[in-house]
Structures are given as C-alpha cells and as structure tokens.
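Please walk through the structure shown below, one contact at a time. The text starts with a single side chain and its partner, then moves on to other pairs, a loop residue and the core.

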Amino acid sequence: MKKYQGIMTAMVTPLTKENTVDEGKLARLVDFQIENGVSSLLMMGGTGEYSALTVEERVHAVQAAVKAAAGRVPVVAGVLDPGIGEAVKCGKLFQAAGADSLLVLTPFYVHPNQDGILDFYKAFDREVNMPFLIYNIPYRTYVNILPETVEKVADALPNLIGMKECSPNFGQAVELIHRVGDRISVLSGEEFLCAGEILLGADGAIMATANLVPDVWVKIFNAASSRDLTQLRSLLKTYFPLFKLMFKEINPGPLKYAMGRIGIDAGELSIPLREPTPALCEEIDAEMKRLGLL
C-alpha cells in the first residue's frame, strides 16, 4: 500500500516577529488540519518559508510539528537546498527530528541535465537513507525532472516513495502517472490541475490552500477519486475564485491573511514577503463572505 494518498497540507510556518517558530500556533494549526481530515502534513516547503529560516529554525519547525501530530498523521519535511552538501545536512537533521519522510527538491541554480539530477538523488539517498519524495516545480527552479528520469530514480532507489509534481504541463503529469504510478505516490502540487490529475490516476495532492480550507480539499479529493463529477464540478466552481486570490500576490502572504480572518493565527511573514495589499485584502474578505467563511 502506498504511504501517501489523499490530501497532504503544505503547511505555513507560524512565525514570531523574531523569525522563530511559534510552537503554540503551529500546534493549533496541526490540530485544525488533522481534525478536518487531511492525510499528512508537509513542513518546510515553499509555503513554509523555508528559504527565510535558519537551519536551526527549520529543524525546530519539524520537531514541533512531529510533537503536535503525535503519530496521528505522517509528517514530511521539505529539503529545498540547491546543492548536495546542504541537502544531505538538512535531510539528516530532519530525520533525527522525527520526520517520517523527506520531500527533496530537484537541484537548481546550476541547471543540471537529467543525468545530473539522477546522480543527485542517488548521492542523497546514499547519504541519508530514508524514504523520500521528489519535488518538481520547474517554474521556480527552472529545472524540470522528466517522467523517464523519475522512472530511473524509482528503478535505482527503493527509498523513493512519491513525488510532488508541480509542472504546469498536464501531459507530463499524465505520463508520470503512466510510468511510475503503480510504484510510487504521485501527488499533484497544483491547485488548478490537481482534480484532473487525480481523475487520471494521481494518488492525491499536496496543497497550500488546504491550510485555509482543509475540509474542502478532502471533499475535492474524495469526489475526484470516486468519479463523482457532479460534486467535483460544484466544489471547483465554488472555491476556485478563492484559490486564485491566494496566489494573486506572493504566497503565503494572502494565505496567512485569510487564515487569520477565520481565527487561525498563522503568525508573521518573513522578509522579503509583505502583507497583501489593502485591495487584495478587500477581495479576499468579499470572497470569504460569499462562501460563508466570515
């Protein structure tokens, strides 16, 4: 049985003004997610403001999430470093912090070819030796791991158990499902593609907006996986305007604002992120009122 199915929330990191983790707010957020039916939690993804935190605070965040989850759902830790040295270092620290698995971003900045990406994952696996998922988000890294390369990683490394696919190329996701979907968990990372990908065989999704409406994403997953197209169309038509607003300015600024409006205090934003503009706040408020969230 695949380890990851359903909705994994790409968690925000509640931060203090000193850019440290607020454990109390994080614990409340973990409870909110689990109570609303998500299957797993991702700490230290892009939505978690990974790049803004020290290594020590990244580890702190993972430890706090593991403690708060208390074994109720798996906790995955993101490793978003460009080079093998720092990636291995953080991977080992997150392993020691109690993470169940790691989400390892494709190496970036140097723009490696496909063989270089394969070498990276082999080296990472050799050094860290724990279950991991590949994270592909080419519109941020300008590095795209192709389905045939993922298949080579799966052939070579039994520790590969899943993938977060954020390619905007829907056909690439379909090919990925075709090549490796019987062996690893293929998880959509795109709010606006995930329903179609689940319909075609993806095992679930890793969603940032699940921080705000985890119950809605669980319903979307259930409708898509059971092929209830009437329910699925209704949910998407109802909530996609809100999802679009969450990415109208840089994530997770709008998301943290919206969470605060429903009483889920997500803490401060890290520099260089800014609070959403007053105009966007008005749009978010109006849409949340339309949905009955306020």
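Glu-127 is partly exposed, because its relative accessibility is 43%; the class covers values between buried, under 20% relative accessible area, and exposed, over 50% (1.4 Å probe, protein chains only). This is a predicted model, in which local features need pLDDT of at least 70, side-chain atom pairs count only at pLDDT 80 or more, and totals for chains, interfaces and linings use all residues. Residues are numbered from 1 along each chain as its sequence is written, and side-chain values use heavy atoms, with hydrogens and water left out.

Glu-127 forms a salt bridge with Lys-92, and the closest N and O atoms are 3.9 Å apart. A salt bridge here is a side-chain nitrogen of Lys or Arg within 4 Å of a carboxyl oxygen of Asp or Glu. Since Glu-127 lies in helix H4 (residues 114-128) and Lys-92 in helix H3 (residues 84-96), the pair ties together parts that are 35 residues apart in sequence. Helices (H or I, at least four residues) and strands (E, at least two) are DSSP runs numbered from the N terminus. Lys-92 is partly exposed, at 37% relative accessible area.

The whole structure holds 13 salt bridges. Among them is the one between Asp-285 and Arg-261, at 3.0 Å from N to O. Asp-285 is in helix H12 (residues 278-290) and Arg-261 in helix H11 (residues 253-261), so this pair joins parts 24 residues apart in sequence. Asp-285 is buried at 15%, whereas Arg-261 is partly exposed at 35%.

Helix H12 also contains Glu-287 and Arg-290, three residues apart, about one turn of the helix. Their side chains meet in a salt bridge of 2.4 Å, N to O. Glu-287 is buried, with a relative accessible area of 12%, and Arg-290 is partly exposed, with 49%. Elsewhere, Asp-22, Lys-25 and Asp-265 are linked in a network of salt bridges.

Pro-74 sits in the loop between helix H2 (55-69) and strand S3 (75-79). Its relative accessibility is 18%, so Pro-74 counts as buried. Beyond its neighbours within four places in sequence, Pro-74 is in contact (heavy atoms within 4.5 Å) with Tyr-4, Ser-39, Ser-40, Leu-41 and Asp-100.

The last stop is the core. A nonpolar core is a set of buried Ala, Val, Leu, Ile, Met, Phe, Trp, Tyr and Cys residues joined through side-chain atoms within 4.5 Å. The largest one has 110 residues, of which Phe-94, Leu-102 and Tyr-121 touch the most other members. Helix H10 (residues 229-246) supplies the largest share of this core, nine residues.
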